[in-house]
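This briefing goes through one structure by topic, from the relation between its chains down to single residues. Please keep the sequence and the coordinates at hand while reading.

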Number of protein chains: 2
Amino acid sequence: MRRNKKERQKQLKETIMENPFITDEELAEKFSVSVQTIRLDRLELSIPELRERIKNVAQQNFADQLRSLPIEEVIGEIIDIELDQQAISILDIKREHVFSRTHIARGHHLFAQANSLAVAVINDELALTAKANIRFIRQVKLGERVVAKAKVINKEDAKGRTIVKVKSYVHKELVFIGEFSMFRSNFTETGDKQ
Amino acid sequence: MRRNKKERQKQLKETIMENPFITDEELAEKFSVSVQTIRLDRLELSIPELRERIKNVAQQNFADQLRSLPIEEVIGEIIDIELDQQAISILDIKREHVFSRTHIARGHHLFAQANSLAVAVINDELALTAKANIRFIRQVKLGERVVAKAKVINKEDAKGRTIVKVKSYVHKELVFIGEFSMFRSNFTETGDKQ
């Protein structure tokens with residue numbers, strides 16, 4: 001069924017709000033217009049493409065889940081998280097992350113990605129790093145994408161700390177390992193963190 | 001001896017170029033004018049005050065000394081350095097360094113200060129971090145000044161790595177300890193760094 005443009009755009013907007021995962025092809029069929037028309041409609045209405053919408057929904061879900069820090073304070077982009085279990089983030093190495101002379105990623109950016117993921121995975125209002133043992137296995141270069149995988153390996157050790165192990169990869173190659181001992185607010189603590 | 005303003009300012013500039021450590025009082029005496037006049041002259045000539053000039057000269061000296069990275073890539077401000085011996089830097093904790101909710105400094109900034117100091121102290125063209133063991137002793141808050149002191153404790157260990165220990169303080173209170181194992185270019189290395 002054909003509609004005038006204004007009417008179509010109004011209904012298009014409502015349709016996408018109801019089902020953000022609908023494709024441009026499905027929309028074109030639904031409104032009996034070309035895919036190109038749908039794209040132009042989205043452009044005029046400032047509705048991002050499906051891939052972006054999926055990403056936004058996912059990020060919003062992660063943002064709602066995180067307890068220890070706001071999602072924008074995570075270094076890198078979270079692509080999966082189960083609190084107190086595991087989390088994954090990606091960081092694309094750009095010019096601001098590398099030594100100017102060698103184009104090798106600076107250690108503190110890999111550390112920041114891993115450490116903020118170790119904070120994010122904690123299911124608690126307050127999570128602070130007490131200790132970390134880290135190893136830089138191989139150099140990471142400008143343009144590479146680092147995938148950090150955090151696993152909670154002990155939710156409460158003898159000192160009441162949570163141990164999070166983070167392994168970071170470029171493609172399938174291990175580039176960084178960090179073991180983080182995290183202080184969290186819900187365990188009683190009489191030590192040096194008060 | 002009195003001179004007209006233009007002539008005085010010309011000579012003032014030359015005098016400070018020759019001796020950047022001359023005080024405003026000494027300049028006033030030399031040119032037979034008030035200290036206030038010297039200050040106004042400096043302002044018009046955009047010549048910074050003595051303290052700033054000392055700092056600039058010092059920073060330039062440090063910049064010339066550093067071999068492993070340009071001084072602007074050091075996180076924090078270097079205030080003392082002897083290559084392969086020891087180095088000191090300060091970092092003032094500002095809003096961009098803290099968690100928004102708690103105003104506690106984020107671990108990766110303390111790590112970045114210490115790690116970049118461990119790189120800077122290396123007397124070599126290439127210095128990369130291989131391993132680090134770190135401890136956050138107490139929280140550092142917005143507005144605090146962190147003084148990091150790096151000491152080279154072993155210039156070449158069994159693996160050809162240089163071990164640098166960094167202790168960071170707020171006033172005299174220890175807030176962070178890190179031990180960094182640094183790969184450097186002049187030692188033969190067949191390990192995981194190629």
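**How the two chains are related**

Chain B can be superposed on chain A with an RMSD of 0.2 Å, by a turn of 180° together with a shift of 0.1 Å along the axis. The two copies are thus related as by a two-fold rotation axis, and the same surface serves both of them, since 100% of the contact residues of chain B recur in chain A. The model is a predicted one, and the values below should be read accordingly.

**Axis and core**

- Of the residues of chain B, Asn133(B) comes closest to the rotation axis, its C-alpha lying at 2.3 Å.
- The largest nonpolar core has 84 residues, and those with the most contacts inside it are Ile134(A), Val164(A) and Phe180(A) together with Ile134(B), Val164(B) and Phe180(B).
- In soluble globular proteins, nonpolar side chains tend to be buried together.
- With neighbours within four places in sequence left aside, Val164(B) is in contact with Ala118(B), Val121(B) and Ile122(B), with Ala150(B), Lys151(B) and Val152(B), and with Gly178(B), Glu179(B), Phe180(B) and Met182(B).

**Domains of chain A**

- The domain assignment of chain A gives domain 1, covering 5-47, and domain 2, covering 65-184.
- Taken over C-alpha atoms, the centres of domain 1 and domain 2 of chain A are separated by 39 Å.
- Ile38(A) and Arg67(A) are 29 residues apart in sequence, while their C-alpha atoms are 38 Å apart in space.

**Helices: packing and selected residues**

- In chain B, helix α2 (residues 24-31) and helix α3 (residues 35-45) pack at an angle of about 105°, with their axes 8 Å apart; α2(B) and α3(B) are therefore roughly perpendicular to each other.
- This contact is made by Asp24(B), Glu25(B), Leu27(B), Ala28(B) and Phe31(B) on the side of α2(B), and by Val35(B), Ile38(B), Arg39(B) and Arg42(B) on the side of α3(B).
- In chain A, Ile38(A) is found in helix α3 (residues 35-45), and at 0% relative accessibility Ile38(A) counts as buried.
- The contacts of Ile38(A), leaving aside neighbours within four places in sequence, are Leu12(A), Asp24(A), Leu27(A), Ala28(A), Phe31(A) and Val33(A).
- Gln9(A) has its place in helix α1 (residues 5-18) of chain A and counts as buried at 11% relative accessibility; beyond neighbours within four places in sequence, Gln9(A) is in contact with Asp41(A), Glu44(A) and Leu45(A).
- Asn56(B), which lies in helix α4 (residues 50-65) of chain B, is partly exposed, with a relative accessible area of 41%.
- Asn56(B) and Pro20(B) are 36 residues apart in sequence, and their C-alpha atoms are 9.9 Å apart in space.

**Strands: selected residues**

- Ser181(A) lies in strand β6 (residues 173-184) of chain A and, at 8% relative accessibility, counts as buried.
- With neighbours within four places in sequence left aside, Ser181(A) is in contact with Leu128(A), Thr129(A), Ala130(A) and Lys131(A), as well as with Arg161(A), Thr162(A) and Ile163(A).
- Arg145(B), found in strand β4 (residues 145-154) of chain B, is partly exposed, with a relative accessible area of 44%.
- Not counting residues up to four places away in sequence, Arg145(B) touches Ile90(B), Leu91(B) and Asp92(B), and also Tyr169(B), Val170(B) and His171(B).
- Arg145(B) and Leu43(B) are 102 residues apart in sequence and 29 Å apart in space, C-alpha to C-alpha.

**Backbone angles in two loops**

- Most residues other than glycine have a negative phi.
- Asp84(A), however, has a phi near 60°, a positive value in a residue other than glycine; Asp84(A) lies in the loop between β1 (77-82) and β2 (86-92) of chain A.
- His171(A) likewise has a positive phi, of about 50°, although it is not a glycine, and is found in the loop between β5 (162-170) and β6 of chain A.
- As for burial, Asp84(A) counts as buried at 10% relative accessibility, whereas His171(A) is exposed, with a relative accessible area of 76%.

Methods: Residues numbered from 1 in each chain as written. Chains lettered and ligands numbered in written order. Predicted model: local features only at pLDDT ≥ 70, side-chain atom pairs only at ≥ 80, totals over all residues. Heavy atoms only, no water. Core = buried A, V, L, I, M, F, W, Y, C linked by side-chain atoms within 4.5 Å. Buried < 20%, exposed > 50% of the residue type's maximum accessible area, 1.4 Å probe, protein only. Contact = heavy atoms within 4.5 Å. Least-squares fit on C-alpha atoms with pLDDT ≥ 70 in both. Domains from an automatic or database assignment. Axes fitted to C-alpha atoms, helices over the stretch in contact; angles between N-to-C directions. Helix = DSSP H or I, 4+ residues; strand = E, 2+ residues; numbered from the N terminus. Parallel < 35°, antiparallel > 145°, perpendicular 65-115°, else oblique.
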